[in-house]
Amino acid sequence: MLAESFDRQNLRQSDFSYQDLRGNDFTRADMAEADLNHANLQGVRMFDTTLTKANLEGANLRYATLDGARMIRANLTNAVLEGAYAFDTDLRKAKIDGADFTDVFLDPRTNDLLCEMAQGTNPETGRKTRDTLLCP
């Protein structure tokens with residue numbers, strides 16, 4: 001499978017649910033309100049990508065690059081973000097119930113914000129969201 005580049009493309013409200021998108025490049029793409037539920041996004045590049053109100057429920061985001069992504073009001077319920085790079089990622093009002101943030105590189109303010117709303121256990125990894133964020 002060859003990785004594809006969607007750099008700077010308008011993918012608003014696109015349906016990528018349940019697709020294998022491993023290694024693809026979505027840098028600076030507009031994916032607002034896109035449906036990515038249960039998509040395999042392992043190792044994707046989403047640097048500076050707009051994912052406002054995107055549905056990422058149950059998505060595999062292991063080792064993805066999410067630096068600078070705007071994930072405002074995104075649904076990350078039960079998503080696995082293990083090992084992802086998410087520095088300077090805007091996760092305001094994101095739904096993170098059951099999400100796994102093990103070894104995710106977050107800035108301290110974002111981590112504190114997520115700890116305020118963290119709850120649930122990831123059904124795939126069995127890890128508690130609060131534990132993966134190292135919440136007090």
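Visitor: How many disulfides does a search of the whole structure find?

Guide: The search finds 1 disulfide, and please keep in mind that this is a predicted model.

Visitor: What makes cysteine 115 and cysteine 135 a disulfide?

Guide: Their sulfur atoms are 2.0 Å apart, and the cut-off is within 2.5 Å, so the pair counts as a disulfide. It links distant parts of the chain, with cysteine 115 in helix α1 and cysteine 135 in the segment after α2, 20 residues apart.

Visitor: Why is the disulfide of cysteine 115 and cysteine 135 called left-handed?

Guide: Because the torsion about its S-S bond is about -95 degrees.

Visitor: How do you know whether cysteine 115 is buried or exposed?

Guide: Buried means under 20% relative accessible area. Cysteine 115 has 10%, so it is buried. Cysteine 135, at 15%, counts as buried too.

Visitor: Why is asparagine 111 called buried?

Guide: Its relative accessible area is 18%, and the limit is under 20%, so asparagine 111 is buried. This residue lies in helix α1. Leaving aside neighbours within four places in sequence, asparagine 111 is in contact with Leu106 and Leu133.

Visitor: What makes aspartate 20 and arginine 22 a salt bridge?

Guide: Their closest N and O atoms are 2.6 Å apart; the cut-off is within 4 Å, so the pair qualifies.

Technical notes: Residues numbered from 1 in each chain as written. Predicted model: local features only at pLDDT ≥ 70, side-chain atom pairs only at ≥ 80, totals over all residues. Heavy atoms only, no water. Helix = DSSP H or I, 4+ residues; strand = E, 2+ residues; numbered from the N terminus. Buried < 20%, exposed > 50% of the residue type's maximum accessible area, 1.4 Å probe, protein only. Contact = heavy atoms within 4.5 Å. Salt bridge = Lys/Arg side-chain N within 4 Å of Asp/Glu carboxyl O.
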